[in-house]
Amino acid sequence: METHTLDSLNIMTGFSEIDLETLKEVILESPQTKLSNNPLNTRYEDTIVPEHNLVDTVIGEIKDAFHTVTNTHIELNDMWSHIHEENMSTQFHNHHPSEVSAVFYVSCPEGSGSIVFKSDLNRYQPKHVSFKPKPGMFIIFPGFLDHGVSRNLSSDKRISLSFNFSQSK
């Protein structure tokens, strides 16, 4: 008997020990330049990530973690931040054509929502899996995987950084 895997989806989680309070201050004190001024554009809620050594450290940790698990190198294509105020959420979307995507949680107060992944590999039995974020947590996932973020029910801001990567040859 032989087994052949047609497809599988892996979602990886890890944690960083960086100074989250300083990173939060850096993000909140930088100009909140939106990637789109059109409220109908999906990039409307995305803002530019300020250059900082803490951001570089997070990127390095994500790349190292991915390499440790997959033995594959990845290179950063783009990044942005999300600052979700009370009652904000993110609709289901994906990052195609990016091969690998990641999110890093800087601040996630109690009640600030979860990230939900949706797989339609079997359209008759779609699967959902959610992660309650914790400060310092990162999640790495396939760029084509649909995901969204549930509503922030906290009066405090939920702050995260998002990344798209390509696999190195």
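**View 1. Aromatic rings that pair up.** By the rule used here, this predicted model holds 3 aromatic pairs. Rings of Phe, Tyr and Trp (its six-membered ring) pair if their centres lie within 6.5 Å. Phe-117, Phe-131 and Phe-141 make up one aromatic cluster. It's a predicted model, so local features need pLDDT of at least 70 and side-chain atom pairs pLDDT 80 or more, while totals for chains, interfaces and linings use all residues. Residues are numbered from 1 along each chain as its sequence is written, and side-chain values use heavy atoms, leaving out hydrogens and water.

**View 2. Charges over rings.** Here, the charged end of Lys-34 sits over the ring of Tyr-44, 4.5 Å from its centre. Lys-118 does likewise with Phe-92, at 4.6 Å. To count, NZ of Lys or CZ of Arg must be within 6 Å of the ring centre and within 35 degrees of the ring normal.

**View 3. The open sheet.** Six strands (DSSP E runs of at least two residues) line up as S1-S8-S5-S10-S3-S2, with antiparallel pairing. Strands pair if DSSP finds at least two bridges between them. S1 (12–15) and S2 (46–47) stand at the edges with a single partner strand each, so one side of each has no neighbour in the sheet.

**View 4. Ser-107 in strand S5.** Which strand holds Ser-107? That's S5, residues 100–107. Ser-107 counts as buried because its relative accessibility is 10%; buried means under 20% relative accessible area (1.4 Å probe, protein chains only). Beyond its neighbours within four places in sequence, Ser-107 is in contact (heavy atoms within 4.5 Å) with Lys-24, Lys-157, Arg-158 and Ile-159.

How values were computed: Helix = DSSP H or I, 4+ residues; strand = E, 2+ residues; numbered from the N terminus. Buried < 20%, exposed > 50% of the residue type's maximum accessible area, 1.4 Å probe, protein only. Phe/Tyr/Trp six-rings, centres within 6.5 Å; stacked < 30°, edge-to-face > 60°.
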